[in-house]
Amino acid sequence: MSDIHQVNDLISIEVDGDIALICIDNPPVNATGQAVRQGLNDAVARLASEGGVKAIAIYGAGRTFVAGADIKEFGKPPQPPALPDVYNRIEASEIPVVAIMHGTALGGGFELGLAAHARVGIEGLRVGLPEVALGLLPGAGGTQRLPRLSGIPFALDMCLSGRHVPAQEALEAGAIDRLEAGEPRDVAIRAAQDAAAGTLKTRRTCDLQVAPDDDALERTAEKLRKTQALLFAPHKIVECIHTATKTPLSEGLQFEREAFMECMDTPQRAGLIHAFFGERAVSNIPEAKGEARPIGKVGIIGGGTMGSGIATSCLLAGLPVRLIEVAQEGLDRGVATITGNIDGAVKRGKLPADKRDATLAMLEPSLAMEDLADVDLVVEAVFEDMGVKTEIFGKLDTICKPGAIMASNTSYLDVNEIAAATSRPADVLGLHFFSPAHVMRLLEIVVADKTAPDVVATGFALAKRLKKVGVRAGVCDGFIGNRILSHYGKEAAYLVLDGATPQQVDAALEGFGFAMGPHKVGDLAGLDIGWATRKRKAGTRDPNERYSGAVADRICEEGWFGRKTGKGYYIYEGKDIRPNPDVARIIEEEREKAGITPREFTDQDIVDRYMTAMISEAARVVEDGIAKRPLDVDMVLLFGYGFPRFRGGPLHYADTIGAAELVRRIETYAKEDAHYWQVPDILRRMAEDGTTFADMNKGT
């Protein structure tokens, strides 16, 4: 008969003869909050003082072992006992302690296992140290204990990638000792009995030596200097693991703790935490939580790049797709693209190989729009032409069944005007996917004036099913992301006209953290897209506006649209990329035409002007209600436009500059161009009352 004691509300001890089980029961993920830390500490101390127990097994109740820290404690003063202290007590225990891990053991959860004297995984387990994604490093022994168990290369990979490692791989690396099937409590009993009998080997990790591997450490450090020079935590992780090779565990743990606190104090950690919470907060609005309409089958009009990508995304989510094209050639091309995308998903491990054929079998190509009569959702993904789109929606109005949702994948156009082409505007919304749609995670959910609440909720439900970050946007030219892009894109062009080169602008912004500068991005996306937009909007351009598109227009007139034509701002020959010398000539000619005397810009000048332009338009997007909250803008730019994640988004970054300084910059720049540089009212108010965009996020 076992004897059960409740240590506190979340931790219990069960003693059965000469073994004891410690159960963590803190649903939903057994996070290591203060009560769990205190309970574990007290449970181990109690069993040590009472005596009579030969082995202890720690396991988790519910669907997972311990999936990391308690996010409710983020940003609050730490409460004792500290996690490293609890784990040091476990490791120092005279009674052998076995960790029984199931579901996921992440961050502090996996570090709990590392601090135990043996680790037993249950089939299906995945372990990980994901702290690097938050600008941190494993701070409860991960960088010191893991290399002692698994060696340096595996420890470097786990700590730097943050990936969830399958149990079999962890077993082969030595990170766990045994892999079994069964319920956690049953496995815990067997493991404790085996540890007591000596048939499950137990040892303190601190007694193990790290196998030296200076080559792996140096190779990794060199790679990080090239690829992640701007980040802080990855380099500290390498330092910590290197320390594990040359110091006793106690000294290594102290070094790790100091490095962890250094990471905590960096702006990068704040930016990454903002991105982490923002990704979850975008859907935390009443409209997203309403009752959604059921989506059983999706229709997609257009088999081009966007339509094929959207179809792929739906198929990978298990949604049957009916693909519509106007000509057999286009339909065949779309099916081929989708097939290639699905094969790519299999190759990357995103889709099991044995599900490939069944996934493709859910695709029904057709040349008849009438075949959309039974679908629950139609996504129109044809080119950006209002006449074409309204004609399509007029036809859909007569074809689609009652209650079917009609969505446009438009990037810029007025969704209200599109909806007005139907007799049921309540069923119409914008679903702005980003290319490639089966890879990019952002989905702007554009809510028109008459869009029904359950249609909006369905947009968010679809985003979740497609594993995308759905962000609510209001109707304006370009919605959130493209409206802001069109504004700061002008500043990139002005910088070039006024004296910088496209290469300098790109290099300065890549130095800030963007993966590619704006001219490389333009070449990748296709310069003809921006050209078409400029021509579309030419008739509405304010005569006081300084035209920014002269250089890009000239490049397009030459037939140079970027990568797809082999030439744009750069020349592309295989893997070789170099500046297009003819662009320099075009720039000189346009400067001469405009009477511009070129001047020098430092890289910091470029970053300051570009980011101030981005922030000013982002602020207006919030002020106009196109985005409900600053964090919505941040998530759009992070997930759709390559904004450096460690900077948190443009409005999070704005808070690090301060509203007063931003107003000062804009007023200074306005002396050169008062039409372009205008202080948003919202920013001026913030400068006067000392508030921040973060305050607005809290308020909503």
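The buried residues of helix H18 are Val455, Val456, Ala457, Thr458, Gly459, Phe460, Leu462 and Ala463. This description refers to a predicted model.

Helix H18 comprises residues 453–465, and its length can be checked by simple reasoning. At 1.5 Å a residue, its 13 residues should span 18 Å; the C-alpha atoms at its ends are 18 Å apart, which agrees with the expectation. What covers the buried residues of H18? The elements include helix H12 as well as strands E14, E15, E16, E17 and E18. After H18 comes Lys467, which has a positive phi, near 60°.

In which order do the strands of the open sheet of seven strands run? The order is E1-E2-E3-E4-E5-E7-E10, and the pairing is mixed. Strands E1 and E10 form the edges, each pairing on one side only. On average, neighbouring strands of this sheet are turned by 20° against each other, direction ignored.

Within the sheet, strand E5 and strand E7 pair in the parallel sense over four bridges. Val98 has Ala118 in E7 as its bridge partner.

Helix H7, formed by residues 184–197, lies across strands E2, E3, E4, E5, E7 and E10. Relative to E4, helix H7 runs at about 160°.

| Strand | Residues |
|---|---|
| E2 | residues 11–16 |
| E3 | residues 19–24 |
| E4 | residues 55–60 |
| E5 | residues 97–101 |
| E7 | residues 118–122 |
| E10 | residues 178–180 |

Terms used. Residues are numbered from 1 along each chain as its sequence is written. This is a predicted model: local features need pLDDT of at least 70, side-chain atom pairs count only at pLDDT 80 or more; totals for chains, interfaces and linings use all residues. Side-chain values use heavy atoms; hydrogens and water are left out. Two strands pair if DSSP finds at least two bridges between them. Helices (H or I, at least four residues) and strands (E, at least two) are DSSP runs, numbered from the N terminus. Axes are lines fitted to C-alpha atoms, for helices over the stretch in contact, and angles run from 0 to 180 degrees between N-to-C directions. Contact means heavy atoms within 4.5 Å. The expected span of a helix is 1.5 Å times one less than its number of residues. Buried means under 20% relative accessible area, exposed over 50%, partly exposed in between (1.4 Å probe, protein chains only).
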